[in-house]
2 protein chains.
Amino acid sequence: MRKIIVQKFGGTSVADTDKIKNVAKIVIKEKENGNDVVVVVSAMGHTTDHLVKMAKDLSPNPSEREMDMLLSTGEGVSIALLAMAVQAQGYDAVSYNAMQIGIMTENIHSKARILGIKTEKLKRDLKNGKIIVIAGFQGVTEDGEITTLGRGGSDTSAVALAAALNAERCDIYTDVEGVYTTDPRVVPHASKLKEISYEEMLELAHAGANVLHPRSVETAKLNNVPLRVRSSFKLDNLGTLILGVEKMELNKPVAGVAQDLSQARIVVCDVPDKPGVAAKLFSKLAQENISVDMIIQSYARKVSNTNDIAFTVDKADLHKTIAALESLKTEIGATGDIEVDENIAKVSIVGAGMIDRPGVASTMFETLAENGINIRMISTSEIKISCLVDKEQAALAVKSLHSVFKLDSDVKADVKGDLPNI
Amino acid sequence: MRKIIVQKFGGTSVADTDKIKNVAKIVIKEKENGNDVVVVVSAMGHTTDHLVKMAKDLSPNPSEREMDMLLSTGEGVSIALLAMAVQAQGYDAVSYNAMQIGIMTENIHSKARILGIKTEKLKRDLKNGKIIVIAGFQGVTEDGEITTLGRGGSDTSAVALAAALNAERCDIYTDVEGVYTTDPRVVPHASKLKEISYEEMLELAHAGANVLHPRSVETAKLNNVPLRVRSSFKLDNLGTLILGVEKMELNKPVAGVAQDLSQARIVVCDVPDKPGVAAKLFSKLAQENISVDMIIQSYARKVSNTNDIAFTVDKADLHKTIAALESLKTEIGATGDIEVDENIAKVSIVGAGMIDRPGVASTMFETLAENGINIRMISTSEIKISCLVDKEQAALAVKSLHSVFKLDSDVKADVKGDLPNI
């Protein structure tokens, strides 16, 4: 039985007709390799920006339903053009939007989740030797309403299709060459990872990577679909394979080092040390749709019977957070100040291999100490250790950790384009 | 019971966001008049040209299926934007593409005919007070294939929707102010017609009018849907109402004068006068998809037992026609030359009122004779008389006929934009 490969190409890969011709070549090469090929594409380059601009001209707050109607036309253009480009090379190709094949989603606009994909039509076309080109980012509800999947939507479409079709692999073609051990702009000798586990990728992504949206990685993990991230412009480079940890060839204790400069630290001082206070505080922030990352509560001071609660939020949410805290301060009986520090960075090491290897955390802390870097907060998960440090020391922290965990490459990374922020 | 008005806006009426705001005002005004409103829109301005250009970059001969996929995205953009513009004024609006509401067509790409329209969803939305915005020009087959309707497609969508919804009227908003008695570029005192019958409009359209595609007029006639053609930029002008002849207030013998400069005359000389020759000739042309307009066969010459067959074709088909005739000449035993004359014009008078009013034809012939215009060929239908004249005499013929049949207006027509060629 022939294997099915799902390929996904983002907006920069199909930005103009020359680039679409390049994509057609990649698609045909996979077909020539003896595989069945299903291609998922995003809207061309800046199409979405252009559509959004027109919408804003017409309405300060356009309805999400009509925004989905509008934005879904973007992929409608790129799928038809790619199918034509493949046909022009003498191959049979057919394009479908989400409604035509039935990429079924929840009835929620602008950020729907995929509920299921009908595969009869696709399987019949593949059997007939056709290359199938499918619109990413969009879906349809049972009532025939057009939805979009939100950020990272096309990646999610591709992974969901790979899962539904029981595909051999889902190849995400993008403008970066793969997943690096850290941001090559910070560490020029960052290594491109040959493999990484879903879990590690998720931690790296949440810690600031922008190669793949966490949702698509989660979908791949859930369905155990191997993902390959690679460049559509450098085909000699196989990129990075993302797969289940059990399938990985080797597990270094640390797979990558990430820095996140987008967070701010907030300390609510002198909070009464009694049950329910923290719950009240964080449920208030959750109501306001503010994501909180690291949380530390100090030991209670014996004299005053109060403690301090420190946490980090995205800088974009800072004003909203302070407003929420001010209104809550009296209610929870906090008597101290609300301290804000934007001059911080979160540096994380990530690795599935750290689970059964003791000493990784102490190596991290010692390395930072040796480099004169003060740790302001610490948080850990099974496969990640994050330290909050002063922003100006972040690059030094990343470099020294990258080196001590033996992630440096012999060759300098080729830093071009929109590099992953990990 | 509330009346339903279907409105259709062409590409120039929705060419940019300012124009879309203008359309939203027109739509809302109709709603404020107490009617239910269903709006059909075309793709914005030059969208289609842009899409076609990209397709040609990718393939010299793109598949019609993928062209339909591509072009149908154009209306997808304009419907969503118009719905947003209406919503921004505080009215409830919803946009649908052809697939969502079920504008069912034949399974033929690029020129499908509408088979039927599902109206449940539309009726429910109208009942809920919504203004409905629908993509023109496109349809869907039973198998979920996207089709387009070819030239004049959006007009046809609008008329078919008006018929399916049993609408009070279908208003075609365009960049001309209505249907004129003749081309105001030829006769500055051409009158805008207040009313015209379907039949007259069809004859005028086939004789060179470009206000409405004949297919939409035919669909309106078949379903007895009153059509109004009016300008989306001059709203004080009610345009021209096109309706059944039995509903018309008055019937002038002649409603309009048309000229057609796009035809060429061909004479096949010395054709044997025996049965089946003409049939052979014209079925050959039909096979080649060549439309023949006027046909005249001369009386047979007693001596040679041959006659001449003269007819007109569109100049675009001239080369194809000559090639077909050359290959046929021996087969039908024609011994004379094939004469071609491109220096001709067809001048027609059209009017449902001429049916029971004798003397219209003789007035036409006399008027042309008085002006020194030689008639080269004549053809007639129930409501039209066409004369082939020398091209340089066409304008004089139109002017004199326009005057003799009392069509001149007191005011000079406001000649702007893309005027109807009638």
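Author: Helices (H or I, at least four residues) and strands (E, at least two) are DSSP runs numbered from the N terminus. Residues are numbered from 1 along each chain as written, chains are lettered from A and ligands numbered from 1 in written order. The model is predicted, so local features need pLDDT of at least 70 and side-chain atom pairs 80 or more, while totals for chains, interfaces and linings use all residues, and side-chain values use heavy atoms, without hydrogens and water.

Reader: Where does A:Gln7 lie, and is A:Gln7 buried or exposed?

Author: A:Gln7 belongs to strand S1 (residues 4-9) of chain A, and it counts as buried because its relative accessibility is 0% (buried is under 20%, exposed over 50%, partly exposed in between; 1.4 Å probe, protein chains only).

Reader: What does A:Gln7 touch?

Author: Leaving aside residues up to four places away in sequence, its contacts (heavy atoms within 4.5 Å) include A:Ile26, A:Val39, A:Asp171 and A:Tyr173.

Reader: Switching topic, how many aromatic pairs are there over all chains?

Author: The structure holds 4 (ring centres within 6.5 Å, using the six-membered ring of Trp; planes under 30 degrees apart are stacked, over 60 edge-to-face, the rest tilted). One of them, A:Phe282 with A:Phe311, is edge-to-face, at 5.2 Å centre to centre and 75 degrees between the planes. This pair links helix H9 (residues 277-287) and strand S16 (residues 306-314) of chain A, its members being 29 residues apart.

Reader: What about B:Phe9 and B:Tyr173?

Author: Those two are stacked, with 4.7 Å between centres and 15 degrees between planes, and both B:Phe9 and B:Tyr173 are buried.
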